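Dear colleague,

Please find below the structure that I am handing over to you. A summary of the findings follows it.

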Amino acid sequence: MASRTCSSGRSSSSSYNSNSKWRYDVFLSFRGEDTRKNFTDHLYSALDRGNINTFRDDEKLPRGEENSVGDQMTRYESKFIEEIVVEIRRSIPKLVHVGDKIVGIDENVKQVKLLIDAKSDEVSMVGIYGIGGIGKTTIAKVIYNDLSDQFKHHSFLENVRERSKDDRGLLQFQEKLLCDILMDKTMKLSNVDEGVQMIKSRRYLGKVLIVLDDVDCPKKLRFLADSPDWFGGGSTIILTTRNKRCLNVNKAYSSYEAKGLAKNKALELFCWNAFKQHHPTDNYVDLCNRVLHHAKGLPLALVVLGSSLFQRDEEYWESTLDRLKTIPLDDIQKVLQVSYNGLDDRCKKVFLDIVCFFKDWEEKIVTKILEGCRFHPKTELKELDDKCLISISDGFIRIHDSLQEMGRAIVREKYPENPGKWSRLWEYKDI
């Protein structure tokens, strides 16, 4: 029996691209009739349940000499097979796809890893938060790929927000989590409460690595990874979220705010998408600087803008940059608007007021104005801050330029050419 292996000492940079050329994880060969019909059958079934792609030697291939497993092997067969499956899975961990040309992520990865106590028997629970498109999922994927070969049991649950809008969706995530850590793809549950008990009861498995990607509310954590008591010593649980309240409510999680890219890394990421090289061509340097000023280090904006400007002439670049002053690109707008769509009506109104009028204003002044409009700004501003739509720093309200553009586009959406019908006017020429 042969398996493809990955080195256990791989660095973070070497695991960014997780594409594999292999169709099978294991080549299962056998010797002897007794082995073929007993042990090999059971081993193949166990590998299949563990979701390990296995090529099995068939009847037409040359057989080796007869070699009976014997009564003693039969007695210990189940335990032996389990150990084989665990070791195979450990040597060929299922890496998650990260993508090509990942740039500027090292510092974020380093800071999150500092919150993970890999040598301790304690359970490490870490939450990565930030606005949409800042790179939270990419950070989590890189860390998962880096650490997965240190764990016998691991699971990456992607896009929790979108795929768990009801109990049925949560139940499917519980089943996937259990299938992954138990290495049994046949796992089925009746309800989410049973799922909670099943996850907690598997603490005896020892340490596990779990990533919960894009968790949008504390309730979902209560059904997937609510407490360090659920998991064996040395486990690592990582979640990504746009909602800081997930971390504020559950104090078991340490928190880290994902940072945007520094200018040199932002330029490199943009250029890989716009020019398919790490630097701009000479006649596009000034245009690139305008793009960087617009994107403000947001990886999503840099990738989308770079891809849209690839192989375009300077005139097209100029036109696109002028257009972006009033009309954000759809691929950026859709990602950023997810957080806005999750707000109640009063928070939406306050958010639109801020993007139209109050960016970089003093919080105390904005609070008084909003109170005069019969809002409850202490509540609404806190909600916007929790959802990473604004930040309050040194007593001032801050907001990323891309979020401001997203909000203003919402105001213009129904009547883009008729300011008289907009709910808010912020430029003198439109009044």
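**Strand 5 and its surroundings**

Strand 5 pairs with strand 6 (residues 208–212) in the parallel sense over five bridges; two strands pair if DSSP finds at least two bridges between them. Strands (E, at least two residues) and helices (H or I, at least four) are DSSP runs, numbered from the N terminus. Please note that this is a predicted model, in which local features need pLDDT of at least 70 and side-chain atom pairs count only at pLDDT 80 or more, while totals for chains, interfaces and linings use all residues. Residues are numbered from 1 along each chain as its sequence is written, and side-chain values use heavy atoms, with hydrogens and water left out.

Within this pairing, H154 has L209 of strand 6 as its bridge partner. Five of the five residues of strand 5 (residues 153–157) are buried, so the strand is largely enclosed by the rest of the structure. Buried means under 20% relative accessible area, exposed over 50%, and partly exposed in between (1.4 Å probe, protein chains only). H153, S155 and L157 cover one side of strand 5, and H154 and F156 the other. In a regular strand the side chains alternate between the two faces of the sheet.

The protein contains 18 helices and 10 strands, and 49% of its 431 residues count as buried.

**Salt bridges**

The whole structure holds 22 salt bridges, each a side-chain nitrogen of Lys or Arg within 4 Å of a carboxyl oxygen of Asp or Glu. In one of them, D214 joins R161, with the closest N and O atoms 2.9 Å apart. This pair links distant parts of the chain, 53 residues apart: D214 is in the loop between strand 6 and helix 8 (218–224), and R161 is in helix 5 (residues 160–163). Both D214 and R161 are buried.

E318 and R290 also meet in a salt bridge (2.7 Å, N to O). E318 lies in helix 13 (residues 314–323) and R290 in helix 11 (residues 285–295), so this pair ties together parts that are 28 residues apart in sequence. E318 is partly exposed, at 36% relative accessibility, and R290 is partly exposed at 31%.

Yours sincerely
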